[in-house]
Amino acid sequence: PLILHAPHSSLFIPPHLRDDILLSDSQLEAEMLAMTDRYTDDLYALPGITMITSPVSRLVVDMERFRDDKDEAMARVGMGAVYERTAHGHLLRTLDPAKRESFLRQYYDPYHAAFEAAVGGCLAEQGQCLIIDCHSFPSRALPYEGEQLRPRPQICLGSCDYHTPLRLLDCLQTRFSEFFTVDLNHPFAGTFVPGKFYQTDHRVSSIMIEVNRGLYMDEITGDKLDSYHNLKGILANILQPITKYI
């Protein structure tokens, strides 16, 4: 009863939306390098396990934000479900309510409807569902992030009091600590559950795993390091038996 979720791995910006972005090609390339969780759709992949990924870059629509900016803390820095600002606080696009709604209807709503259907199918077949929220983070804090000076771990585990079983959290912290430095809910906190089930259905469990990008990629070029496949193997060994802890 496992679903893998890599919402920030895509580099695709539909050509008809490129002119909407107020960055030069080189500026956009730098922003994509900073904000994309490159390779996470492959890094966390397990044979035979559903992997849900966004078809577009988070610079188009961020599928993990709350739909309504009033509910989304990151909207205060211009990074709600549809970004208006870059990681450095520069203007990414001009956005009015009608344009924002069109983005959400075209990309966000179908994505969440499909995710809810996948979780519903898992519950119908298995009686439970575990979502592994698969991310990476830069080795140095980006300007939009609150904490700039606190040292970053190699692995961050994000949890939710309602949806993350303590046994699961303890298990992953123990296993990852055999190989890496691990922090809980730092530098990022929480985990993803589709709105239909969020804080209403205990049968849906979720935990976020964030990997420091310095472990697997050159953060200047975006290329994979030689250590990539070793990290992928460690992730597979830890995640394959994980459903017994929910």
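The side chain of R93 reaches the backbone oxygen of Y83 at 2.7 Å, which is a polar contact, meaning a pair of N or O atoms within 3.5 Å in which, within protein, one atom must be able to donate a hydrogen and the other to accept it, while residues adjacent in sequence count only if both atoms are side-chain atoms. This is a predicted model, in which local features need pLDDT of at least 70 and side-chain atom pairs count only at pLDDT 80 or more, whereas totals for chains, interfaces and linings use all residues. Residues are numbered from 1 along each chain as its sequence is written, and side-chain values use heavy atoms, with hydrogens and water left out.

- R93 lies in the loop between β2 (50-53) and α4, where helices (H or I, at least four residues) and strands (E, at least two) are DSSP runs numbered from the N terminus.
- With a relative accessibility of 2%, R93 counts as buried, a word that stands for under 20% relative accessible area, while exposed stands for over 50% and partly exposed for values in between (1.4 Å probe, protein chains only).
- Besides the backbone oxygen of Y83, the side chain of R93 also reaches the backbone oxygen of L59, at 2.8 Å.
- When neighbours within four places in sequence are left aside, R93 is in contact (heavy atoms within 4.5 Å) with D20, I21, L22, L59, V60, V82, Y83, E84 and F103.
- R93 and L22 stand 71 residues apart in sequence, yet their C-alpha atoms are 5.6 Å apart in space.
- L22 itself belongs to the loop between α1 and α2, and at 45% relative accessibility L22 is partly exposed.
- Not counting residues up to four places away in sequence, L22 touches L91, L92, R93 and T94, and the C-alpha of L22 is 9.4 Å from that of H90, a residue 68 places apart from L22 in sequence.
- In the loop between α1 (15-18) and α2 there is also S24, which is partly exposed with a relative accessible area of 32% and whose side chain is joined to that of S26 by a polar contact of 3.2 Å.

**Nonpolar cores**

- A nonpolar core is a set of buried Ala, Val, Leu, Ile, Met, Phe, Trp, Tyr and Cys residues joined through side-chain atoms within 4.5 Å, and in the largest one, which has 39 residues, M35, V60, V61, F115 and V119 touch the most other members.
- Two or more residues of this core are given by each of α2 (25-35), α4 (97-126) and β3 (129-137), and the largest share, nine residues, comes from α4.
- Leaving aside neighbours within four places in sequence, F115 is in contact with I3, H5, I52, I131, F192 and P194.
- A second, separate core has 33 residues, including L33, C134, F176 and I234.

**S136 in strand β3**

- S136 is found in strand β3 and is buried, with a relative accessible area of 4%.
- The side chain of S136 makes a polar contact of 3.0 Å with the side chain of R213, and R213 is also among the residues in contact with S136 once neighbours within four places in sequence are set aside, the others being D37, R38, T40, E210, V211 and Y216.

**Helices α5 and α6**

- The axes of helix α5 (residues 166-177) and helix α6 (residues 228-239) come within 11 Å and cross at roughly 145°, where axes are lines fitted to C-alpha atoms, for helices over the stretch in contact, and angles run from 0 to 180 degrees between N-to-C directions.
- In this contact, L172, R175 and F176 in α5 meet L235, N237, I238 and L239 in α6.
- These residues divide into five nonpolar, one polar and one charged, given that Ala, Val, Leu, Ile, Met, Phe, Trp, Tyr, Cys and Pro count as nonpolar, Asp, Glu, Lys and Arg as charged, and the others, Gly among them, as polar.

**The loop between β5 and β6**

- P187 is found in the loop between β5 (182-184) and β6 (204-212), and the peptide bond that leads from H186 to P187 is cis, with omega near 10°.
- N185, found in the loop between β5 and β6, has a positive phi of about 55° although N185 is not a glycine, and at 31% relative accessibility N185 counts as partly exposed.
- Q199 has its place in the loop between β5 and β6, has a positive phi of about 55° although Q199 is not a glycine, and is partly exposed with a relative accessible area of 44%.
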